[in-house]
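Me: I have a structure open and a few things to check. Can you go through it with me?

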Amino acid sequence: MSSLDRRKFLVAGTASMGALGLAHAMPAWAMGRPEGMLARRGSDVLSGEHLKMTVADAAFRTGNRHGPAVTVNGTVPGPLVRLKEGQNLVVDLVNNSSGDTSIHWHGLLVPFLMDGVPGVTMAAVKPGETFRYEFPVRQSGTYWWHAHTLQEPMGHYGPLVIDPAEPEPFTWDREYVLMLSDWSPMHPMTIMKKLRTQPDYFNYQQTSATDDYALSGEQRRMWARMRMMPTDISDVTGSTYTYLINGHGPADGLELPFTPGERIRLRVINGSAMTFFNIRIPGLPMTVVAADGQNVQPVETDEFQIGVAETYDVLISPQDDRAFAFVAESIDRSGMGVAMLASRPGARAPVPALRKPPLLTMADMGMAMARGTGANGGAMTGMDHGSMEGTGHGASMGHGESMAHGDGMDMSDMPMRDTSKLPPDVKAGPGVAMVAANPVDRMGDPGIGLSDVGHRVLTYRQLVAASPNPDPRAPTRLKEIHLTGNMERYMWSFDGKNFSAVTDDPIRFAFNERVRVKLVNDTMMVHPIHLHGHFFELVNGAPGDHQPRKHTVNVQPGGSATFDLTADAPGDWAFHCHLFYHMHQGMFQIVTVRPLEEGDEA
Amino acid sequence: MRHLLALPLLFAGPAFAQDHATHDAHGPSHPMPMASDQPEDDGESKAQAPGEDTVTLDHRMMNHGAMEHEPMDHGSMQHGSMGHADMDHSGMGHDMTMQHGATATPSTDSIPKAPPPPEAFSGPLHAADQFLGEDVMAASREEVVREISGMPVFWFMADRAEYRARQGKDGYLWDVQAVYGGHVDKLWLKSEGEGSFGEKPESAEVQALWSHAIGPWWDVQAGVRQDLVGPSRTHAVVGIQGLAPYLFEVDASAFVSNKGDVTGRIEAELDQRITQRLILQPRAELNLAAQDIPELGVGAGLDRIEAGLRLRYQIRREFAPYVGIAQEWRVGQSADYAQAAGEDPSVTNFVAGVRFWF
């Protein structure tokens, strides 16, 4: 308990003086720092039809880390914007900070000029300027908002919840919004330069002569020959990040009170710059009821991996008079965010230790066919779902991962970069280090490192829309897009083309066109791909009119993910990897829906 | 345009000139949306008062009975047939009409890849231009493109900066690089040199190269090299630098001097992690010459070999002191030149230095 007591002391001290910036041994202004005020953790609620959101420079402290931050209305995260479906919204964005800003309403169906992407839908809001957002709120669910500038990773993000006009198809007694994020004392530009200079800069879980990874010498030589790293899970790790839940690091003692027997709705939002999280509450199953703000048919699980920019709503029903640990473990297991569900003030449950870091697998190299799993690209036909029978979903779902560290698997005849496998419109230049030899659909994959955790883990294949989708038409056209990259040069792109090469060559859809989009991941990292202004429906084996609607889809390494899209929002829309530094280094494109005159029903 | 005018978006352009004094009705900002540090965190709770009651939304008034979905029957989720036809949601208490069969999802392979329809090409190239102004958006686009298309970065690295203890006079060596550029094209400056304390430097050179990525792992480099000591020489340089299979860092250059001499240099090094911070680095360098260059003491063929082994500890990634051993051999005609000059063609150096970058 000594650490608890110490933390309690620190928290109390920080909290009482934090708003005045006096919590430091020496205050920020006395150290000559320009940031000024120490940002408050957590955030206030903004509701109503006319909101004001003010961006400011600040400092932030969590644990032993302290550095520059950006706040909206004084807090990290910024305010919870809580709206009602059907209302109109006006937001005045005031930039009192020293950097360019904007707000993107992540997952909201807004007119494109309200979408908040500098260079695409608006000019960045410069220091001293204001910008007015104005749009009707046409949906309900759990979303978030964030800057589409360098300010995002510094704290310019917050939750956005829209209460539905009609009651939800499920009930709950208590609700928590849990916004996950990763905060570094380094400025984003510094992180970018480190990654460009030494791509493994933040990775302290690499293979070494003294590691205890289950890799044979032959496998180690194979990875070295490929010039790739089996430990390349997260580009930026807990070596600089503190993982926050509602602005609270693990040392900040975030407590979530509950009464035993209550049903609690957790709205989990991953507002990280670079971090996927494994979410679990040891001892408590979770029932997933919504993904990306859209209700799904309830599915019970013990753990799920949440990609950057995704949201999941889960219901939990703790019966015992005790504490439960809500654990958000980073995908590379270099750190975690922790909150404590407590039936009594101060109640604490043991926080599980970080699990052993995962390794990339054959499937992550795009060689999932190596052992003939029966998985084939594109559609699900022939996919073996035998393991989904019964209640043991997920735990044994890992197509591909089960063959992970095949003993003595010989890859010498498997080309890592056979560019003849690429479509002609993909540019195989220095920015393409790998071509997935056999990219299979990996919707049934629980995510890196979660194949053999001994309990149920959610996969996309378990998501089924709660109500029929608005557009039941079959797609008339297939659009294939390759996710390409080169970790060594820290280059990321779609179809091998840097953004500057495609600013005049957007991905084009006709208004109301129904298109199937297949994303092929020619890299060894999982990319959360986000399309602005639309929901798309994952082609995940669910019936055509109940495919789950999402705004962000994780495309597993070396695999593919496919969605159906009704292009019903005219305008130019950002389409990008939501890993901040991947977007920033080129994995960014424009989707345009024309003619612009259409869509007045919007 | 008629339709667009109906959109609220048109009313929402930059509000630079708007008077926000009139906007003080910006939404009741009642505090405590999310969980706070309470109860132990008094100060912060006060800051976010009125506190606990608003932390949670009280849904007790809502009808729990509407949805008793637990236990849900997962046992019947026979996905093997992909149809979800057997999925039993009867226990979920609300209508989940799934309409199987009627909406089978077509397989991806059955959908043709085709170009976008003609109407997808209508209108201006950039949609925002016609609402916000071409100039405004062109400037904004330029900023974004510059930032996210591999904006130039600068780094300086001293790969070797070391003290060399050996028989006779101890010496020193530097081997540094400075790079500025984007993802594909870079200005690459290199300098290396060595000598013995109390004497003129034995060698010193600077190279200025343009470096261009020709593949995922390799850059081709071309430029000039200026020798700073000894007989004045300027060289044209062409080379390749990059990462070979098995993670060898390789730098190979050919030089043609203003006297017509052709020489070459191949360097390779390999970082072997012992721990996350302790790294053993074997390194080899071969110097070659196409002809004898007596005034430089260089013999045709293989001129000089260096083999080194350095053990460094990364206090930070950017700062790693090391110790090691470096062996040099002059060979062939070069060895004869060395002996004629009263030098030992074989020198063993015990080195201590620091590898750093920023």
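Me: Start with residues 226-329 of chain A. How much helix and strand is there?
Reply: This is a predicted model. Over residues 226-329 of chain A, the chain is 1% helix and 47% strand. The end C-alpha atoms of that stretch are 29 Å apart.

Me: What does UniProt call it?
Reply: The annotation reads "domain: Plastocyanin-like" and comes from an unreviewed entry.

Me: Zoom out. How many helices and strands in chain A?
Reply: Five helices and 33 strands.

Me: What share of chain A is buried?
Reply: Buried residues are 68% of the 602 residues.

Me: What about contacts by sequence separation in chain A?
Reply: Take the contacts between residues at least 6 apart in sequence. Of these, 76% join residues at least 24 apart.

Me: Now the five-stranded open sheet in chain A. What's the strand order?
Reply: The order is β2-β6-β11-β10-β8 in chain A, with mixed pairing.

Me: Which strands stand at the edges?
Reply: β2 (45-47) and β8 (104-106) of chain A. Each has a single partner strand, so one side of each has no neighbour in the sheet. On average, neighbouring strands of this sheet are turned by 25 degrees against each other, direction ignored.

Me: How is β2(A) joined to β6 of chain A?
Reply: Three bridges join β2(A) to β6 (residues 80-84), and the two run parallel. In one of the pairs, A:Ser47 has A:Arg82 of β6(A) as its bridge partner.

Me: Switching to helices. Which residues of α3 in chain A are buried?
Reply: α3 spans residues 217-226 of chain A, and its buried residues are A:Gln219, A:Met222 and A:Trp223. They cover an arc of only 95 degrees around the axis, so they sit on the same side of α3(A).

Me: What's on the other side of α3(A)?
Reply: A:Gly217 and A:Glu218, both exposed.

Me: What follows α3(A)?
Reply: A:Arg227, with a positive phi near 60 degrees.

Me: Over to chain B. Which residues of α5 are buried?
Reply: In α5 (residues 333-340) of chain B, B:Ser334, B:Tyr337 and B:Ala338 are buried. Seen down the axis of α5(B), they fall within an arc of 100 degrees, so they line one face of the helix.

Me: What do the buried residues of α5(B) pack against?
Reply: Two strands of chain B, β11 (301-313) and β12 (319-330). The face turned away from the buried side of α5(B) carries the exposed B:Gln339 and B:Ala340.

Me: And just after α5(B)?
Reply: B:Gly342 takes a positive phi of about 80 degrees.

Me: Last one, back in chain A. Where is A:Gly335?
Reply: In the loop between β21 (323-330) and β22 (336-342) of chain A.

Me: Why does A:Gly335 count as buried?
Reply: Because 21 other C-beta atoms lie within 10 Å, and the cut-off for buried is 20 or more.

Me: What is A:Gly335 in contact with, beyond its neighbours within four places in sequence?
Reply: A:Gly238, A:Tyr241, A:Tyr243 and A:Ser330.

Me: How far is A:Gly335 from A:Ala353 in space?
Reply: 9.6 Å, C-alpha to C-alpha. In sequence, A:Gly335 and A:Ala353 are 18 residues apart.

Terms used: Residues are numbered from 1 along each chain as its sequence is written. Chains are lettered from A and ligands numbered from 1 in the order in which they are written. This is a predicted model: local features need pLDDT of at least 70, side-chain atom pairs count only at pLDDT 80 or more; totals for chains, interfaces and linings use all residues. A residue is buried if 20 or more other C-beta atoms lie within 10 Å of its own, exposed if 12 or fewer, and partly exposed in between; C-beta atoms are placed from the backbone. Helices (H or I, at least four residues) and strands (E, at least two) are DSSP runs, numbered from the N terminus. The arc is that of the directions from the helix axis to the C-beta atoms. Two residues are in contact if their C-beta atoms, placed from the backbone, lie within 7 Å. Two strands pair if DSSP finds at least two bridges between them. Axes are lines fitted to C-alpha atoms, for helices over the stretch in contact, and angles run from 0 to 180 degrees between N-to-C directions. UniProt positions are given in the numbering used here, feature names are shortened, and annotations may be inferred rather than shown by experiment.
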